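I opened this structure for a first look.

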Amino acid sequence: MSLLNLHHLRLFRAVATEGTLTGAATRLNLSQSALSTQIRALEAALGHDLFERRGRGLVLTEAGRIALDHAEAIFRTAEDLTATLRETGFVRRGLRIGALATLSRNFQMAFVRPLVGRSDVEVILRSGSQAELLNALDGLALDIVLTNLAPARDSASPWLIHRLAEQPVSLIGTPTRCGSDRPSLATLLGREPVILPVPDTALRAAFDALTARLGITPMVAAEADDMAMLRLLAREDAGLAVIPPIVVRDELEAGILVEAARLDNIRETFFAITRERRFPNPLVAELLAKGAQHDVPV
């Protein structure tokens, strides 16, 4: 550890940011050979390669990604030292979480709640499509992905799929639309317009199969690929939303929306996706263990 110093780490961070030795050397006003020598010295001190060459550029290895996280934390601590002496030597661990853009925000909060407010943890949340998130996870830019779409997995796949929770799905609408009577599901679907997830979702496929079994062609008021939009459309009384109650938990508790009927045998399953890593982020195991002990509240 005596071979490590802030100078080594600054040079390493510059190369990681620029993606090439040439670009970093120009930025640092150093020769490329001198910079390369310093990076090799840091790799020797750590005992791991920090970069691998791809085409004309350099990308971080898994060890490099971890080193960069710690380097950033060290620089933040150094910068804050004079302003916050009580945090001298204090390093916050980062956890990068990706979540499917259409995933329930209530579910996401339930998952990260054990880390919220902890002074030793920084939670970084990103949203995107399934493909974007899995690419980021594969590239070590994310530690974990939250989704309701389990990716395909075979013997060559790096994905580890953790089932976190399962949530019932209901028809949910305003009290005025649902009324005080409790008609059958078939009557509701034949009488009221519905607000549906888009066709390429598992939830929509299950609902379409249900209505086919009942011999009903529902009136579709709207379709949306975002749970938050389904919730807003239900609040605007556009129809009965096919949605997990967790998404509208606050509205149900306040009486703004009510559950008109439970859709039997239709469930929304929530997954956490990780990838095989030599150096897994310990916060991931901590969160998954808490989820396994308590089942993520939904």
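These are my entries, in the order I looked things up.

**Entry 1, the cores.** I kept in mind that this is a predicted model. I began with the largest nonpolar core, which has 51 residues. Phe111, Leu146, Leu171, Ile243 and Leu263 touch the most other members. I then looked for the element that supplies the largest share, and found strand β10 (residues 258–275), with six residues.

I listed the contacts of Leu263, leaving out residues up to four places away in sequence. Leu263 touches Val169, Ser170, Leu171, Leu185, Phe207, Leu210 and Val242.

Which residues of α6 (residues 130–138) are buried? I found Gln130, Leu133, Leu134 and Leu137. They span an arc of only 95° around the axis, so they sit on the same side of α6. In general, an α-helix has 3.6 residues a turn, so residues three or four places apart point the same way. On the other side of α6, I found Ala131, Glu132 and Asn135 exposed. After α6 comes Leu140, with a positive phi near 70°.

I located Glu251 in helix α11 (residues 249–254). Is Glu251 buried or exposed? Its relative accessible area is 4%, under the 20% cut-off, so Glu251 counts as buried. Glu251 touches Arg231, Arg235, Ile256 and Leu257, not counting residues up to four places away in sequence.

Note on methods:
Residues are numbered from 1 along each chain as its sequence is written. This is a predicted model: local features need pLDDT of at least 70, side-chain atom pairs count only at pLDDT 80 or more; totals for chains, interfaces and linings use all residues. Side-chain values use heavy atoms; hydrogens and water are left out. A nonpolar core is a set of buried Ala, Val, Leu, Ile, Met, Phe, Trp, Tyr and Cys residues joined through side-chain atoms within 4.5 Å. Buried means under 20% relative accessible area, exposed over 50%, partly exposed in between (1.4 Å probe, protein chains only). Helices (H or I, at least four residues) and strands (E, at least two) are DSSP runs, numbered from the N terminus. Contact means heavy atoms within 4.5 Å. The arc is that of the directions from the helix axis to the C-beta atoms.
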